[in-house]
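I opened this entry to keep track of what I looked up, item by item.

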Amino acid sequence: MEHLHPLVIRIVRAHLPRRVSEEDLTQDIFLKMFTRLAQYQGAVPFPHWVSRIAVTTCIDQLRAQKRRPEFRWADLSENEAQVLDAVTADDGAMPDDAVATRELVARLLGQLKPEDRMVVQLLDLEQKSIAEISVITGWNPSLVKVRAFRARRKLQKLFAELKKKEGS
C-alpha cells in the first residue's frame, strides 16, 4: 500500500468527483484491490492493474453523482433556499406551502404517461435502483433509463410552462 499510495492518490486527484473525500475514494480503491487480488493474472504490471481499478472507481463515482446529484444549501439561490425551507419546515408554520408543493408535484406527475410517471415515482421518489425497476416492470434496464430521462425532461418542460403562466 505504501508503494502504491502515491500512484492511487495522483489518479484520484486527477479524476476526483465533486464532494468526495480523496481519502474515502482512495480507501475504496484499496479495498477493491484487496478483494479482487485473486483476479490479478500478472499479464500487466501490478501498478497498471491497480491504476485501472482506480480510474474505473473514479469514473463509477462520477456516474453515480450524475444519476443522483447531491445538492447543498450553498448551491441553491436565496429564493430556492427559502422555498425549500418552507417546504421542509416541521414547525407547522406554513402547512399550506407544503400541501401546495405536494399538489404541484402530483399535478405535474399527473400530466405524464402512466409508464413514465411510474418510473419517476419508483426511481426518484421511492429511491429504487434501475435493476429493481427492471424486475418490477419487466423492461430491460436501458428502457428504464430512457423512460426516466424522457420523463424528467418532460417534467422540466411542464414546470417551465407553469412558471411562465404564473409569471404572466
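**Entry: charged side chains**

I began with Arg152, which has a relative accessibility of 31% and therefore counts as partly exposed. The model is a predicted one, and I read every value with that in mind.

Next I asked which side chain Arg152 meets in a salt bridge. The partner is Asp124, with an N to O distance of 2.9 Å. I looked up where the two sit: Asp124 is in helix α6 and Arg152 in helix α8, so this pair ties together parts 28 residues apart in sequence. Asp124 has a relative accessible area of 27%, so I noted this residue as partly exposed.

I then searched the whole structure for salt bridges and got two. Besides the pair above, I found Arg147 and Asp116, whose side chains meet at 3.2 Å, N to O. This pair also links distant parts of the chain, since Arg147 belongs to helix α8 and Asp116 to helix α6 (residues 114-125), 31 residues apart.

Is Asp116 buried or exposed? I found a relative accessible area of 11%, and because buried means under 20%, Asp116 is buried. Arg147 comes out at 23% relative accessibility, so I put Arg147 down as partly exposed.

**Entry: positive patch**

I checked the surface for gathered charge. Lys113, Arg150, Arg153, Lys154 and Lys157 form a patch of positive charge there. I followed up one member, Arg153, and placed this residue in helix α8, which covers residues 141-167. Arg153 is partly exposed, at 40% relative accessibility.

I also looked at Gln156, another residue of helix α8. Gln156 has a relative accessible area of 57% and is therefore exposed. I took the C-alpha to C-alpha distance from Gln156 to Leu108 and got 9.4 Å, for a separation of 48 residues in sequence.

**Entry: whole chain**

I counted the elements last. How many helices and strands are there in the chain? I got eight helices and zero strands, so the order from the N terminus is α-α-α-α-α-α-α-α.

The chain has 168 residues, and buried ones make up 26% of them.

Technical notes: Residues are numbered from 1 along each chain as its sequence is written. This is a predicted model: local features need pLDDT of at least 70, side-chain atom pairs count only at pLDDT 80 or more; totals for chains, interfaces and linings use all residues. Side-chain values use heavy atoms; hydrogens and water are left out. Patches are made of residues with over 30% relative accessible area and no salt bridge: like charges are joined within 9 Å, nonpolar side chains (Val, Leu, Ile, Met, Phe, Trp, Tyr) within 5 Å. Accessible areas come from the Shrake-Rupley method with a 1.4 Å probe; for residues, only the protein chains shown count as cover. A salt bridge is a side-chain nitrogen of Lys or Arg within 4 Å of a carboxyl oxygen of Asp or Glu. Lys and Arg count as positive and Asp and Glu as negative; His and the chain ends are not counted. The place of a charge is taken as NZ of Lys, CZ of Arg, CG of Asp or CD of Glu. Helices (H or I, at least four residues) and strands (E, at least two) are DSSP runs, numbered from the N terminus. Buried means under 20% relative accessible area, exposed over 50%, partly exposed in between (1.4 Å probe, protein chains only).
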